[in-house]
Amino acid sequence: MAAPVRQLSRSSDILLKRSQHIWKGTQRLLSNGRAPAPHFLQARSRLLPLLVFSGTGYLGYDQYGRYQDRRLAELGIEAPPPLASDNQVALYRSIPTRLVSRAWGRLNRVELPAWLRKPVYRLYIWTFGVNMKEAEVEDLASYRNLGEFFRRPLKPHTRPVCPSSCVISPADGRVLHCGRVVNGELEQVKGVTYKLHDFLGPITWGSTPNTGGHDPSLPDPAAFEEQLLCSPGNQLYHCVVYLAPGDYHRFHSPADWTIEHRRHFPGPLLSVSPSVARRVRSLFCVNERVALAGRWQHGFFSLVAVGATNVGSIRIYCDQELQTNAPRYTTGSYNDRSYTSPLAASPSSPLAASPSSPLAASQEELPGIGLALRKGEPLGEFNLGSTVVLLFEAPPDFSFSLRPGQPIRFGQPLGSL
């Protein structure tokens, strides 16, 4: 009897110890809300309060800044936009936007199967609010690729050109800013400026191409502005029109003027959307762009087509030689082309319009002293939405008839004298 009793006692002790162990584990689970974690999880969990505290602090700081902006707005004081730091801009510029844009350009030239065209184009129309009733060809199946769809022409008389205004909008889009150039500086949006000589480069139109950068002897901004003016007493005005992806992607001559020179600035292809333009200073001076300069009835006149992400292709109908978004370029370089040469009007010249260009019909009438364009005449196109900047000289009584943020269409008046 002694052996079975000892065995029973030993079994009871084991059962009691296990029960105590289970009870202690249950107490820990109930008291802590969870079972003990492994050591590596415990180390990570110590970082959680720090992350929560940092994130909460950042959100609080951001909300406080927004509260301050609302308070200033209630008082009628416009808060300055928060600009990106140099490190943030450098990080953004490190993204291979030119490579992405070239890949997008190749994709746009790929012919889509007939059965796929309507679903793809309808998705784009729904996303960006495209009005296909204005298109010259409404049948979606007739557009062989995305490029043809993006650059679709409009029906005749869809955009009537204002006959009474001396300068009109060159494209459909939204006005980012308009006004007078002050001390050689322009505003890309309210409160964010850039210098005129950084945007246009030195006044050496038609000289040998510059491949090493801008002129090191940069003039005073105000003096540079004075050099552009042809008549004493006149003022320099500017207008920025942003073309969204759903807008009509062609741009036209904004006035009766003569183009004398073209300057091409290779560069990055950052986004030019209003949200980015508000944060990146001198954005239009950084991006690839094509500047057309010449004269109109009041003096200096210029139209600058600014490239953007997925918009590396900028086409000027009267210039077959222009090639944008090349794989290699020198930072800060530019190349010039004169339109005043007698060879510019020759049909064999690279400056002559191609037979398929909207300018082909009038190319024969262009003299060798420049390319004369009439108001509303087709001038060029983007591969997708982008930005057009107008710079023109006018008498001091010129006034704009629009405001920043206003939607505008090609042919509508910009202002009056």
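Predicted model: local features only at pLDDT ≥ 70, side-chain atom pairs only at ≥ 80, totals over all residues.

Biologist: Then what makes Cys178 buried or exposed?

Modeller: Cys178 has a relative accessible area of 12%. The limit for buried is under 20%, so Cys178 is buried.

Biologist: What about Cys166, and how far is its closest cysteine sulfur?

Modeller: That one is in Cys162, 9.6 Å from the sulfur of Cys166, which is too far for a bond because the limit is within 2.5 Å. Cys166 also counts as buried, because its relative accessibility is 17% and the cut-off is under 20%. By the sulfur rule, the model's count comes to 0 disulfides.

Biologist: Why is Arg117 called buried?

Modeller: Its relative accessibility is 10%, and the label applies under 20%, so Arg117 counts as buried. Arg117 sits in helix H6, residues 114-128. Leaving aside neighbours within four places in sequence, Arg117 is in contact with Glu111, Leu112, Leu140, Ala141, Tyr143 and Arg144.

Biologist: Why is Asn183 called exposed, and where is it found?

Modeller: Asn183 has 56% relative accessibility against a threshold of over 50%, so it counts as exposed. Asn183 is found in the loop between strand E1 (173-180) and strand E2 (185-189).

Biologist: What makes the phi of Asn183 worth a remark?

Modeller: Phi of Asn183 is near 55 degrees, a positive value in a residue other than glycine. Most residues other than glycine have a negative phi. Ser282 also has a positive phi, near 55 degrees, and lies in the loop between helix H10 (274-277) and helix H11 (283-286).

Biologist: On to the sheet. How do you know which strands E12 pairs with?

Modeller: Two strands pair if there are at least two bridges between them. Strand E5 (residues 250-252) and E12 have 3 bridges, in the antiparallel sense; strand E9 (residues 314-316) and E12 also pair antiparallel over 3 bridges. Both counts meet the cut-off, so both are pairs. As for partners in E12, His252 bridges to Pro378, Arg315 to Glu381, and Ile314 stands opposite Phe382.

Biologist: What makes E5 and E9 the edge strands?

Modeller: The 3 strands form an open sheet in the order E5-E12-E9. E5 and E9 each pair on one side only. The twist averages 20 degrees from one strand to the next.

Biologist: Why is E12 called mostly covered?

Modeller: In strand E12 (residues 378-382), 4 of the 5 residues are buried. Phe251 is in contact with several residues there, including Pro378, Leu379 and Phe382.

Biologist: Which residues touch the most other members of the largest nonpolar core?

Modeller: Phe251, Trp257, Trp296, Phe392 and Phe400, out of 37 residues. Strand E13 (residues 387-394) gives the largest share of this core, 4 residues. A second, separate core has 32 residues, among them Val192, Leu270, Cys285 and Ala293.

Technical notes: Residues numbered from 1 in each chain as written. Heavy atoms only, no water. Helix = DSSP H or I, 4+ residues; strand = E, 2+ residues; numbered from the N terminus. Buried < 20%, exposed > 50% of the residue type's maximum accessible area, 1.4 Å probe, protein only. Contact = heavy atoms within 4.5 Å. Core = buried A, V, L, I, M, F, W, Y, C linked by side-chain atoms within 4.5 Å. Axes fitted to C-alpha atoms, helices over the stretch in contact; angles between N-to-C directions.
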